[in-house]
Amino acid sequence: MIDQNFDNELTTNNNTEVDNTQVDGTENSAANKARSTQVTDEQVINWIKSRRSIGNLTIPAPKANQVEAAIECAMTAPDHKKLQPWRFIIVEGQRRHAFGRALLAAAEAKALREAVELDERTIEKTLKMPLRAPMIITVVTRMQYHEKVPAFEQLLSTGAAVQNLILALKAQGFDTVWRTGPLANEPAVKSYFNVGSEDYVTAFVYVGSAHCQMPSRGEIDTVDFITYDSE
């Protein structure tokens, strides 16, 4: 499954050298193909800017080979000293219900600490959170001690991996939303995903297909966010 917009606008250039000489008055067909598939900088930039978060997703979800291709892209994220702090856990099918129960256990423990009571609506909503997409990719930062790589760099590396993951899924025609929330690093959730006490659940990437037309993103004004320090 290939995103039609991606196929139209960002067909991959194979960068193969071709012979542009004339053969019997006809230009080499490989040269024609190479030119027709060349991607411009503007097309790539506009495609990245078209990414949107979509809250409720349905089937189809990516197949295993598509997920693995996306994770390969995720693992090209900047990674100081090549610590590879990321881990990816795929939740789908009936296991989403088990994840929902882990979220509820986390919510109940949090409520007990804060001396509040969960109402039935909150309980039901919490249990159903993982059902908002056919697949959830949980991304974990496994922290490692390194004298030259502080903890924040490892978290940022995982964040960069998540963005690559999302774009690679988009390239294959799937929609996503990156969620975390107050329960993500509660002990019950960490235990469910076998995450160490010093490690972090960094993202729940909900993945699937959207059957609604998202409005185009408006113009992005960068003026208030950039400072040039130059002479």
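Reader: A charge sits over a ring if NZ of Lys or CZ of Arg is within 6 Å of the ring centre and within 35 degrees of the ring normal. So where does the charged end of Arg179 sit?
Author: Over the ring of Tyr206, 5.1 Å from its centre. The model is predicted: local features need pLDDT of at least 70, side-chain atom pairs need 80 or more, and totals for chains, interfaces and linings use all residues. Numbering runs from 1 along each chain as its sequence is written, and side-chain values use heavy atoms, without hydrogens or water.

Reader: And Lys190, which ring does its charged end sit over?
Author: That of Tyr200, with the charged end 5.5 Å from the ring centre.

Reader: Ring on ring, then. How many aromatic pairs?
Author: Five (Phe, Tyr or six-membered Trp rings, centres within 6.5 Å; planes under 30 degrees apart are stacked, over 60 edge-to-face, the rest tilted). One of them is Tyr192 with Phe193: the centres are 4.9 Å apart and the planes are at 85°, so the pair is edge-to-face.

Reader: Is Phe193 buried or exposed?
Author: Buried, at 7% relative accessibility (buried is under 20%, exposed over 50%, partly exposed in between; 1.4 Å probe, protein chains only). Tyr192 is partly exposed at 25%.

Reader: What about Phe193 and Phe204?
Author: Their ring centres are 6.1 Å apart with planes at 40°, so that pair is tilted. Phe204 is buried too, at 3%.

Reader: Which residues form the aromatic cluster?
Author: Phe99, Tyr192, Phe193 and Phe204 form one cluster.
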